[in-house]
Amino acid sequence: MADPVTTQWSIPGTSISVRNRTVLAAMTNKQSHEDGTLSDEEISWLLRRAEGGFGIVTTAASHVHPSGKSWEGEMGVWGDHHVPRLEELATGIRSNGALSLVQIFHGGLRAPRSLTGMQPVSASKNLENGVEEECRALSEDEILELVSSFGEAAERCERAGFDGIEIHGAHGYLICQFLGSRTNRRVDRWGGDLEGRSLFLREVISEVRNRTSERFLVCVRISPEHEVGVTLAESLELSKMMGGWGVDMIHISCWDAFKGPRGEDDPRTITRIFRDELGADAGIISTGSVWDASDAQFVIDEGADMVGVARVAIAHSEWASKLNDAGYSPERPPFTPEHLISQGLSQVFVDYMRRWQGFVTDGRSE
Ligand SMILES: Cc1cc2nc3c(=O)[nH]c(=O)nc-3n(C[C@H](O)[C@H](O)[C@H](O)COP(=O)(O)O)c2cc1C
């Protein structure tokens, strides 16, 4: 049996201590200003979760370059004008006892011209259902420029006082588009086998490491399996490689942490497979469909160092502190808009949550 989820512990390979094993996973909430600066509402929603006892608080996905913005109200970390409000957030999270991470990303083919004023870019030319137009393949120079943008963004986050960053390599955005064999059909050094397709991520990690101090946490979020052409076998191989690239923790985005891999006859959960394959020393965060205290403990018992949650923390700002009661079983959706507002969401965020099936009483039901 693993430690209780409420136990204080240290991130492997560092002297950085975390008050428990909970992570507020990155959540887009559409509350940032047009130029990517944080709004009062976005700061206060995150601070409520830091007050609510989370070990790590992660921000929403934030674009590292103006060409990478995927939706309105998205947080940005591409310019120095973002720093003062980032500082307010980082200071507030720290004073509430949590560690802070900014999730940094680029939307790639999912960053529409209507938001960026530019044709979307990716590893290769692609057209995906639901996107406005075909993207074009990045040139070598443009790839190097984006690698620098990730590094500069991380440097800005450290300057603002954050404990680290989470590089968003999951969910089909630019890094995932490079990793995927369907979306990356390049024949130069940035494509081909896993080593080639992961070169962009490797260079991003190296640039971030070069521009930040040793103490700065570098986490990477991946989708263990994804339709862009990411397979479980390659994700495991990549994660082993990342151990040698200076990554502190790998965050596996499972969507359902109780299930095994798709289409494979393996009775183990994805978390268990990662722990078995990566060995005891790897730092692993696992997230997906955790709701009550026993769910959270299950994910830790399956071998994760930390358990991430998203939806339950929207509705229950003090979720992490309440885990002290091992029988804690918070109410489930749908929630009334009034309840969500009482938990620190703005009207804009509540409207966004109406689009998540079954979450808000007057939102989308199917
Ligand atoms: C409103 C909302 C916004 C999200 N935005 C992001 C995001 O910006 N970056 C990301 O990596 N995942 C994002 N996710 C996925 C969550 O981090 C999480 O992996 C997923 O919701 C499964 O966890 P849960 O079952 O606890 O909600 C989002 C999820 C929700 C509900």
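Predicted model: local features only at pLDDT ≥ 70, side-chain atom pairs only at ≥ 80, totals over all residues.
In this note Ala, Val, Leu, Ile, Met, Phe, Trp, Tyr, Cys and Pro count as nonpolar, Asp, Glu, Lys and Arg as charged, and the others, Gly among them, as polar.

1. The protein contains 14 helices and 13 strands. Its radius of gyration is 19 Å, close to the 21 Å that the globule rule gives for 366 residues, so the protein is as compact as a globular protein of that length. The C-alpha trace spans about 55 × 45 × 45 Å along the principal axes.

2. Burial and contacts. Of the 366 residues in the protein, 51% are buried. When contacts between residues at least 6 apart in sequence are considered, 69% of them join residues at least 24 apart.

3. Ligand shell. The ligand has 22 residues around it, and those that come nearest are Ala25, Ala26, Ala61, Ala310 and Arg311. Two or more residues of this shell are given by each of strand E4 (56–63) and helix H11 (311–315). By residue class, the shell holds twelve nonpolar, eight polar and two charged residues.

4. Domains. The domain assignment divides the protein into domain 1 (9–332) and domain 2 (339–366). Taken over C-alpha atoms, the centres of domain 1 and domain 2 are separated by 23 Å.

5. Domain contact. On the domain 1 side, 13 residues are in contact with eleven residues of domain 2. Helix H1 (40–51) and H11 are the elements that give two or more residues to this side of domain 1. H1 supplies the largest share, four residues. The side of domain 1 that touches domain 2 consists of three nonpolar, six polar and four charged residues.

6. Asn96. Where does Asn96 sit? Asn96 is in the loop between helix H2 (83–95) and strand E6 (99–105). Buried would require 20 or more other C-beta atoms within 10 Å, and exposed 12 or fewer; Asn96 has 18, so it is partly exposed. Apart from its neighbours within four places in sequence, Asn96 is in contact with Leu47, Ala50 and Glu51. Asn96 and Leu236 are 140 residues apart along the chain, and their C-alpha atoms are separated by 35 Å.

How values were computed:
Residues numbered from 1 in each chain as written. Rg over C-alpha atoms; globule rule 2.2 N^0.38 Å. Contact = placed C-beta atoms within 7 Å. Near = placed C-beta within 6 Å. Domains from an automatic or database assignment.
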